[in-house]
Amino acid sequence: MKTLKEAFDGFQPETALVLGSGLGGLVDSVDVVSRTPYTELEGFSASAVSGHTAELIGGTIAGHKVAVLSGRVHYYEQGDAAAMRGPLEALKSVGVNRLILTNSAGSLNEEAGPGSIMQIEDHINFSGTNPLIGEPTDDRFVGLTTAYDESLRERFADAAARLQIPLHKGVYMWFSGPTFETPAEIRMARVFGANAVGMSTVPEVILARFLGMDVAAFSVITNYAAGMTGNELGHGETKEMAPKGGALLTQLISTVLEEGFQ
Ligand code: HPA
């Protein structure tokens, strides 16, 4: 077992990327400096979800130093909403102060179909839990009014416009999973103001804000949400469709990284 600091051996990225189901293709755009399985890293545990690898990559994308978490642990795996606290604290300890999260999600909007991408502007925590439950300090009272950093959002929106990549924007609603939603739940989600639904990301956003990181988050739409088409949902569709939107997201993220952050 080693600490992330030891694995990185002096490599100091300021930006970390978390790759969701089927989005591992983004790793191909990394010039790899180090590659460490989560099983060898203190504070990390491996996800057992197919379509997720479990390794931490240090390297550069378009010349910008990044830590790439290829795979995440979900709340639904062990019932632990704080499952990503160890990895995020480890990233913070090596100087990461910017977190770019990606996930696969179901769309509630007809115009944002499978293969499209959505920038998350806000979220609804519908899981009934929170990764900071049990945190004993007053730091647990994290404000989430500006959880999704506005200047990062603008940067990504500008880059998408220049690249002519349609970038939807909206509210992501976190359901615990691992089952998909029912059609009735999706009708409720629509009334609540959700544009996409998924089983991850929100706990990481909360933890990252707790740790003082700036956050940007994106959904790759892999399907229309439950009840919107005649089809039953399954993980196969997520894995099959994610690489399509994932390619657009890779292009967008690498362009923004190339331009750098001030
Ligand atoms: N619901 C929840 N999570 C998801 C979906 C969905 O429809 N698609 C991909 N991840």
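I'll start with Glu181: a polar side-chain atom of Glu181 lies 2.8 Å from a nitrogen atom of the ligand. For reference, a polar contact is a pair of N or O atoms within 3.5 Å; within protein, one must be able to donate a hydrogen and the other to accept it, and residues adjacent in sequence count only if both atoms are side-chain atoms.

Before going further, this is a predicted model, in which local features need pLDDT of at least 70 and side-chain atom pairs count only at pLDDT 80 or more, while totals for chains, interfaces and linings use all residues. Residues are numbered from 1 along each chain as its sequence is written, and side-chain values use heavy atoms, with hydrogens and water left out.

At Gly106 the atom is a backbone N or O, 3.4 Å from a nitrogen atom of the ligand. The ligand alone exposes 260 Å², and the protein buries 96% of that (Shrake-Rupley method, 1.4 Å probe).

Which residues are around the ligand? They include Ser104, Ala105, Phe180, Val197, Met199, Thr222, Leu233 and Thr238, where a residue counts if one of its heavy atoms lies within 4 Å.

Now the strands, which are DSSP runs of E, at least two residues, numbered from the N terminus. β5, β8 and β9 each supply at least two residues of the shell around the ligand. The largest share, three residues, comes from β5.

Is β5 covered or open? Strand β5, residues 98-107, is mostly covered, with 10 of its 10 residues buried; buried means under 20% relative accessible area, with a 1.4 Å probe and protein chains only.

As for its neighbours, two strands pair if DSSP finds at least two bridges between them. β5 runs parallel to β9, residues 214-224, over 10 bridges, and Thr102 stands opposite Phe218 of β9. β1, residues 15-19, is also parallel to β5, with four bridges; there Val18 has Leu101 as its bridge partner. β8, residues 196-198, is antiparallel to β5 and joined to it by two bridges, with Ser107 opposite Ala196.

One last item is Glu135, in the loop between β6 (117-125) and α4 (150-163). Its side chain makes a 2.6 Å polar contact with the side chain of Thr137. Glu135 counts as buried because its relative accessible area is 7%.

Note on methods. Buried means under 20% relative accessible area, exposed over 50%, partly exposed in between (1.4 Å probe, protein chains only).
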